[in-house]
Amino acid sequence: MPSYNITIEDTRETYPCADERDLLKGMERLGKKGVPVGCRNGGCGICKVHIESGEFRTRVMSRAHVTAEEEQAGTVLACRAYPLSDVRLSVIGLMKKNVCRTNA
């Protein structure tokens, strides 16, 4: 099972993510307190991210939160995206406040 480096552009943090794990599960392993996650099935839209670079595959997600056009442009729900290479992403969903918080 290959593992890839995922970089959150907003914080420059990097975490490993195996190809059979979704990007959200890997992100949660960073240990950020209070990272809001919802249904984990692509229906609530909380974990919206934009893939800046890298290859990935997706599973079905709610079109109420990510349109087909947005998905083509790299906007996905982290709970439904799986890395196929190293990935750079920006957090744009409701969890941005918590993921991008600094511990100063």
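Mentor: Helices (H or I, at least four residues) and strands (E, at least two) are DSSP runs, numbered from the N terminus. From the N terminus on, the order is β-β-α-β-β-α-β-β-β-α, which amounts to three helices and seven strands. This is a predicted model, in which local features need pLDDT of at least 70, side-chain atom pairs count only at pLDDT 80 or more, and totals for chains, interfaces and linings use all residues. Residues are numbered from 1 along each chain as its sequence is written, and side-chain values use heavy atoms, with hydrogens and water left out.

The serine is S85, in the loop between β6 (81–83) and β7 (87–91). S85 counts as buried because its relative accessibility is 18%; buried means under 20% relative accessible area, exposed over 50%, and partly exposed in between (1.4 Å probe, protein chains only). Of the 104 residues in the protein, 43% are buried.

The side chain of S85 reaches the backbone nitrogen of E55 at 2.7 Å. A polar contact is a pair of N or O atoms within 3.5 Å; within protein, one must be able to donate a hydrogen and the other to accept it, and residues adjacent in sequence count only if both atoms are side-chain atoms. Contact in general means heavy atoms within 4.5 Å. Apart from neighbours within four places in sequence, S85 is in contact with Y4, I6, G54 and E55. Across the protein, 62% of the contacts between residues at least 6 apart in sequence join residues at least 24 apart.
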